[in-house]
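This report describes selected features of one protein structure in plain terms.

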Amino acid sequence: MSLKKINTILATAFILFILWFGVEFILSPETMAPGFGLPSRPSGDGGGFLIIKGIRDVVLALVLGILLVTGHRRALGWVLLVEALAAYGDMATVLAHHGSVATALGVHGLTATLMVINGLLIMRETRKVAAAPATPAPQPA
């Protein structure tokens, strides 16, 4: 199996995974909140922050999806690297608020690290294309 095909499968899995989580946080935040890893769910009006998290995830997934579908593979690699910061941020938030270490590392940290690996693999895959010199246009005789 080619590196491009493996990268495409991994990126697609991330897109679907992030999109699913985002939609679930929007539609059913009370069900998803315990799985995030924080020790307690926001109460009162704080539940709206869970929907914000869902919207963030949906947007992150859509950006990746657009880059994948339109064939902007090098940009896809860069965006995977940058979007991994959101998952590392979620990990840090769970740890800073005395949440589940297992969830922080096993869900957020692992997801972020796999996104970085996928981003780096896509950057490697597209390195030759980006480094290739442009062919000059033929000149009229």
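## A nonpolar patch on the surface

Val23, Ile26, Leu27, Ile51, Ile55, Val59 and Val63 together make up a nonpolar surface patch with about 540 Å² of accessible area. Patches consist of residues with over 30% relative accessible area and no salt bridge; like charges are joined within 9 Å, and nonpolar side chains (Val, Leu, Ile, Met, Phe, Trp, Tyr) within 5 Å. Accessible areas come from the Shrake-Rupley method with a 1.4 Å probe, and for residues only the protein chains shown count as cover.

Helices α1 and α3 (48–70) each supply at least two residues of this patch. The largest share, 4 residues, comes from α3. Helices (H or I, at least four residues) and strands (E, at least two) are DSSP runs, numbered from the N terminus. Val59 has its place in helix α3 and counts as partly exposed at 45% relative accessibility. Here, buried means under 20% relative accessible area, exposed means over 50%, and partly exposed lies in between (1.4 Å probe, protein chains only).

## Basis of the model

The model is predicted: local features need pLDDT of at least 70, side-chain atom pairs count only at pLDDT 80 or more, and totals for chains, interfaces and linings use all residues. Residues are numbered from 1 along each chain as its sequence is written, and side-chain values use heavy atoms, with hydrogens and water left out.

## Annotated transmembrane regions

According to an unreviewed UniProt entry, the annotation "transmembrane region" covers residues 7–27, 47–69, 76–96 and 102–123. UniProt positions are given in the numbering used here, feature names are shortened, and annotations may be inferred rather than shown by experiment.

Two of these spans may be described further. Residues 7–27 are 100% helix and 0% strand, with their end C-alpha atoms 30 Å apart. For residues 102–123, the end C-alpha atoms likewise lie 30 Å apart, and the chain is 100% helix and 0% strand.

## Aromatic rings

How many aromatic pairs does a search of the whole structure find? The search finds 3. In the pair Phe17 and Phe21, the ring centres are 4.8 Å apart and the planes stand at 80°, so the arrangement is edge-to-face. Rings of Phe, Tyr and Trp (its six-membered ring) pair if their centres lie within 6.5 Å; planes under 30 degrees apart count as stacked, over 60 as edge-to-face and the rest as tilted. Phe17 and Phe21 are separated by about one helical turn, because they are 4 residues apart in helix α1 (residues 3–27). Phe17 is partly exposed, with a relative accessible area of 34%, and Phe21 is partly exposed at 23%. Trp20 and Phe21 also form an edge-to-face pair, with ring centres 4.8 Å apart and planes at 70°. Trp20 is partly exposed at 45% relative accessible area. Phe17, Trp20 and Phe21 form one aromatic cluster.

A charged side chain also lies over a ring: Lys53 is over the face of Phe25, at 4.8 Å from the ring centre. A charge sits over a ring if NZ of Lys or CZ of Arg is within 6 Å of the ring centre and within 35 degrees of the ring normal. Between Phe21 and Lys53, the C-alpha distance is 9.3 Å, although 32 residues separate them in sequence.

## Salt bridges

The structure has 4 salt bridges, each defined as a side-chain nitrogen of Lys or Arg within 4 Å of a carboxyl oxygen of Asp or Glu. Asp57 and Lys53 meet in one of them (2.3 Å, N to O). These two residues are 4 apart in helix α3, so about one helical turn separates them. Both Asp57 and Lys53 are buried, with Asp57 at a relative accessible area of 6%. Asp57 also forms a salt bridge with Arg56 (3.2 Å, N to O), and Arg56 is partly exposed at 29%.

Another salt bridge joins Arg73 and Glu125 (2.5 Å, N to O). Arg73 lies in helix α4 and Glu125 in helix α5, so this pair ties together parts that are 52 residues apart in sequence. Arg73 and Glu125 are both buried. Through shared partners, salt bridges join Lys53, Arg56, Asp57 and Asp90 into one network.

## A residue with positive phi

Most residues other than glycine have a negative phi. His98 is not a glycine, yet has a positive phi of about 55°. His98 lies in the loop between α4 (73–96) and α5 (101–131) and is exposed, with a relative accessible area of 69%.
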